[in-house]
Amino acid sequence: MRRFRLIPDSTSIAFMRHRLLFLGGSILAILLSVIAVLTVGLNFGIDFRGGTLLEVRMPGPADLATMRRSLNDLGLGQVQLQNFGDEREVLIRIERQEGEAEQQQKAIEIVKQRLVEDFGDRIEFRRAEFVGPKVSEELLRNGIMAVLLAVALVLVYIWFRFEWQFGAGAVFALVHDVATTIGVFAVVGLEFNLSTVAAILTIVGYSLNDTVVVYDRIRENLRRFKTLKLEEVIDRSINETLSRTLMTSLTTLLALFALFFFGGAVIRDFTFAMIWGVVVGTYSSIYIAAPVLIYFNLRAVLAKEGSASAAG
Amino acid sequence: MSYLTPWRVGLVLGVVLLGLVFSLPNLFDQKTLEGLPDWLPKRQITLGLDLQGGSHLLLEVEVEALMKERLENLVSDVRRTLRRARIGYRGLGVQGDAVHLTLTDPAQREEALARLAELNPLMQPLGFTATVDRQYEIDADERGRITITFSEFGRNQLVDSAVQQSLEVVRRRIDALGTREPTIQRQGRTRILVQVPGERDPERIKRLLGKTARLTFHLVDMENSVQDALQGRIPPDDILVPSAEPDGPRYYLLKRKVMLSGENLVDAQPSFQNNEPVVSFRLDSVGARKFGRITQENVGRLFAIVLDGKVISAPRIREPILGGSGIIQGSFTVETANELAVLLRAGALPAPLKIVEERSVGPELGADSIRAGKIASVLALVLVAVFMVVYYRLFGLFSDLALLANMVMIVGALSALGATLTLPGIAGIVLTIGMAVDSNVLIFERIREELRGGKSPIAAIDSGFKQALRAVVDANLTTLIAALVLFQFGTGPVKGFAVTLSIGVLTTLFTAVMLTRVVVWFWYSRTRPKTIPL
């Protein structure tokens, strides 16, 4: 009976041969992400920028041009419209209004009234969100804190479980995953909001999960093959865990794609972030977390520790 | 696998059964559940506002406005006190967050301080702490300049009582709407979170919460003219107040003195007079007596009803009203009359409330999200399950069994804990589906390796489970760390994601490791295979 095998039972791919190329490429990707964030900037949603958002469903296909004309002479400043989900649904973004919260609230009512006047009362008001300036600042601060805290905690965990070189390698991989995720949000112009932060935290968890499995095997093999060169031990470990790594990424991606295509427009960006995270998370545990160990001279360190404990 | 003792197997199956029992109520409607015996669990998963529709409002009690008002009241108290004691001063007024004044004669400093201390008695704080403190700090320098500010204690005291009081008023106002299960709670120091599930018209709630509803009655000054007052010549005992009526005068000149206020109201109801919607009210005995005296002494004059700094109406007093009840006219619709009645019954807010965050979702969008979430989860489940069977055959089936039990346990745990399921929460479940089989993959791949290494089937299974355990625990713990951080920092829907992800990690650890082992053990002891189809 022949079995379906995604990956042959024993592979021997020399992952570490071109490690400089991949490391260089990864560092470049991080730099490009930083540049993209600094130049293009992030498209902050109202969670972090403050403002008002309305989601409406028109009775028929939405005529954005007419709606734009109708809403832009209300004296509320720039009103942005965008199709969302299907052709009948429209997202309306209203700038932060001069004055207090009362004015912001009034803006919602003004827009609702005008839409009913111009397009009839069969409009369905599906969602209204308003975030005040103080709250949005707090949310942004909390979001940044959360990501930093998660990375720090995870670092502590790795430190506790492995030698510090592993911790540093894992954090390097995490920085790569988080940076490129934020970078891709800047480049594509996707809305960066609270759920994006949730996605980033999940990516931190997922990427680390992958890294830890590879590290666990590297450490095991370092003890088993004391004479093998570090590169060879790492290659061997990655190859041994390769089918698991790819299998897990694949099942996770299957589930996420189901969510992406059928989970509705509200969480599509969130799902996109996680799909991206799974892909770069898988990449980084092989091509960043592992080769970094070589540059930390792990073998020598472990050998020293081993002989020290044997002597003691 | 001798260590799988019967009681251990029983324990594992028992936990799965428990999950099943707790998840079952979700299959029935509320009516069927009520008919079931009491000892059965009946809790269903609570849906978040983003799934069932509703309004989430974060309100901030504007304590700054309240403190300013308090200081202004303090100014008139200080004025009265010093005058009575015949102490000369100048420059009395509020500047920033302090009341300032300068004594004409610095030598009177000690006496002035002694008098002012009467305005600043010892106060018992709210709650059960034993410390007693003063509300203000009063300082004076040698040149007779006196500064009065809130003490730390006084400020806290003021904020706490204002927020507590606002909480009560908000609760009464929301309760009057008759919606089911609203959540009203304090958040942080000065904020109040209001969540009203299933609300179709968030504007209605916002209108209700946006008003301070401070009701006062004033006599209209009929001797002086509004025209003069508009040009800045307001008589010292008068106030100029805009009108809320669309027709009629735009401003009224009223006597400053509050004749009667909303505090004396015991009831307010919408009703009709000459086919016009009005609000009828009833006063307590003190209020009734006052009202009677005022109307008796001022027949023929205009009596203004002021709500939140605007004159609603100023009817003429035709005859003394002694029964303690009256009617507020105004340009009301049935709806606004009803709203005003609700506001008056609930009482005035101590300070204005500002909406600082709103998230309202219509029930249609919620229903669409549930539908989309269901489709996505079922599809994800089927895709992953099929993939596992294609790839691992029999063992894939084992892990699918574990996955199914996993789902049941997540639903059971969510129901039993009374956790809220949100749209991101559903995403967390879908993600769990994808990642749950990871633990099985780790174990199966390990068993495979052990088999290739030449171990016997039983030994390979044993050491596969044992060797993979460390990686499985590691992998799940890292996700759990991230999920817990998210739980700590997240709000609303995002928190729901953290909840399902955390529960998912725990149930995954259980089903993938323990349950799968039991299933494999059953299979092995039944068939005693020579080779393992992996």
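Predicted model: local features only at pLDDT ≥ 70, side-chain atom pairs only at ≥ 80, totals over all residues.
A salt bridge is taken here as a side-chain nitrogen of Lys or Arg within 4 Å of a carboxyl oxygen of Asp or Glu.

On the side of chain A that touches chain B, two or more residues each come from β2 (51–57), α4 (101–119), β5 (124–131), α5 (133–161), α7, α8 (230–262) and α9 (268–295) of chain A. By class, this side of chain A comprises 38 nonpolar, 13 polar and 22 charged residues. In total, 73 residues of chain A are in contact with 67 residues of chain B. The size of an interface is often expressed as the accessible area lost when the parts come together. For chain A and chain B the buried area is about 6,200 Å², with 62% of it on carbon and sulfur atoms.

Side chains of opposite charge can pair when their charged atoms come close. One such pair is formed by B:E449 and A:R217, whose side chains meet in a salt bridge at 2.9 Å, N to O. Within chain A, A:E117 forms a salt bridge with A:R114, and the closest N and O atoms of this pair are 3.9 Å apart. A:E117 and A:R114 are separated by about one helical turn because they lie three residues apart in helix α4 of chain A.

The packing of two helices is described by the angle between their axes and the distance between the axes. In chain A, helix α6 (residues 164–188) and helix α7 (residues 194–224) pack at an angle of about 145 degrees, and their axes are 9 Å apart. The crossing of α6(A) past α7(A) is right-handed. Residues of α6(A) that make the contact include A:F166, A:L174, A:V178, A:I182 and A:F185, and those of α7(A) include A:I200, A:I203, A:V204, A:L208, A:Y215 and A:I218. By class, the contact of α6(A) with α7(A) has 12 nonpolar, five polar and two charged residues; A:D177 of α6(A) and A:R219 of α7(A) are among the residues that make this contact.

Definitions and conventions
Residues numbered from 1 in each chain as written. Chains lettered and ligands numbered in written order. Heavy atoms only, no water. Axes fitted to C-alpha atoms, helices over the stretch in contact; angles between N-to-C directions. Helix = DSSP H or I, 4+ residues; strand = E, 2+ residues; numbered from the N terminus. Left-handed = near helix turned anticlockwise from the far one by under 90°. Contact = heavy atoms within 4.5 Å. Nonpolar A, V, L, I, M, F, W, Y, C, P; charged D, E, K, R; others polar. Buried area = accessible area lost by both parts, 1.4 Å probe.
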